[in-house]
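This briefing covers aromatic contacts and nonpolar surface. Please view the sequence and the model first.

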Amino acid sequence: QGERLMTALIQSDQNAEVEASQEEAHQDHRMFGLATFLVADGMTFAGFFAAYLTYKAVNPLSADAIYELELPLPILNTILLLISSATFHRAGKALHIEDTKGCQRWLLITAGLGLAFLTSQMVEYFTLPFGLTDNIYASTFYALTGFHGLHVTLGAIMILIVWWQARSPNGRVTSQNTFPLEAAELYWHFVDGIWVILFIILYLL
């Protein structure tokens, strides 16, 4: 009886270790899958950038086809997104030390910054001196900023979902289950990085 009990306990421990390793590997695969998706998504943006730059190089736009854009709002948008990356990082740090209230607070701030970005983007749309179909520059501008705005919207929704899941004590997102927050954070950093490239190409070049 004693030997059987000892054998059962050893097998139970081994099964628990296998399940834990399988769960950890599963999380790694999920993050890899997300990274793969973001690479593919980044290629879509790269296609937009390449098409615009190539067309601009081969068929230079006339002086009246390029408008002088005001920089204050785009610069504000850049600052908002860069700060939001920092606040999202703070949310992750708070979660790791089991400060769920702090995590939720930083997540709300991050989502608020994202919504402020979208609001500022809409204000800019209403003040632009050109329409969607005026020329290739206008069409590219709306396509790129609109596509990016869609990503910001989805990112803000993801952040609010993670905020809800991080509630204590019944939250799904905890210091032992950080994948939802880490996945949303990776996506958000990707969106911020795309905006920096977009800002340089559309507003500065």
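The points below treat ring pairs, then a surface patch.

The model is predicted: local features need pLDDT of at least 70, side-chain atom pairs count only at pLDDT 80 or more, and totals for chains, interfaces and linings use all residues. Residues are numbered from 1 along each chain as its sequence is written, and side-chain values use heavy atoms, with hydrogens and water left out.

**Aromatic pairs**

- The structure holds 13 aromatic pairs (rings of Phe, Tyr and Trp, the last by its six-membered ring, with centres within 6.5 Å; planes under 30 degrees apart are stacked, over 60 edge-to-face and the rest tilted).
- Phe45 and Phe147 form a tilted pair, at 4.8 Å centre to centre and 35° between the planes.
- Phe45 lies in helix 1 (residues 2-58) and Phe147 in helix 4 (residues 136-165), so the pair ties together parts 102 residues apart in sequence (helices are DSSP runs of H or I, at least four residues, numbered from the N terminus).
- Phe45 is buried, with a relative accessible area of 1%, whereas Phe147 is partly exposed at 24% (buried is under 20%, exposed over 50%, partly exposed in between, with a 1.4 Å probe and protein chains only).
- Phe141 and Tyr142 are edge-to-face, because their ring centres are 5.8 Å apart and their planes at 90°; Phe141 and Tyr142 are both buried.
- One aromatic cluster includes Phe117, Tyr125, Phe141, Tyr142 and Trp195.

**Nonpolar patch**

- Leu53, Leu82, Val196, Ile200, Leu204 and Leu205 make a nonpolar surface patch of about 520 Å² (residues with over 30% relative accessible area and no salt bridge, nonpolar side chains being joined within 5 Å; a salt bridge is a side-chain nitrogen of Lys or Arg within 4 Å of a carboxyl oxygen of Asp or Glu).
- Helix 5 (residues 179-204) gives the most to this patch, with 3 residues.
- Leu205 is found in the segment after helix 5 and is exposed, with a relative accessible area of 59%.

Conventions. Helix = DSSP H or I, 4+ residues; strand = E, 2+ residues; numbered from the N terminus. Patch = residues over 30% accessible without salt bridge, like charges linked within 9 Å, V, L, I, M, F, W, Y side chains within 5 Å. Areas by Shrake-Rupley, 256 points an atom, 1.4 Å probe, with all protein chains shown as cover.
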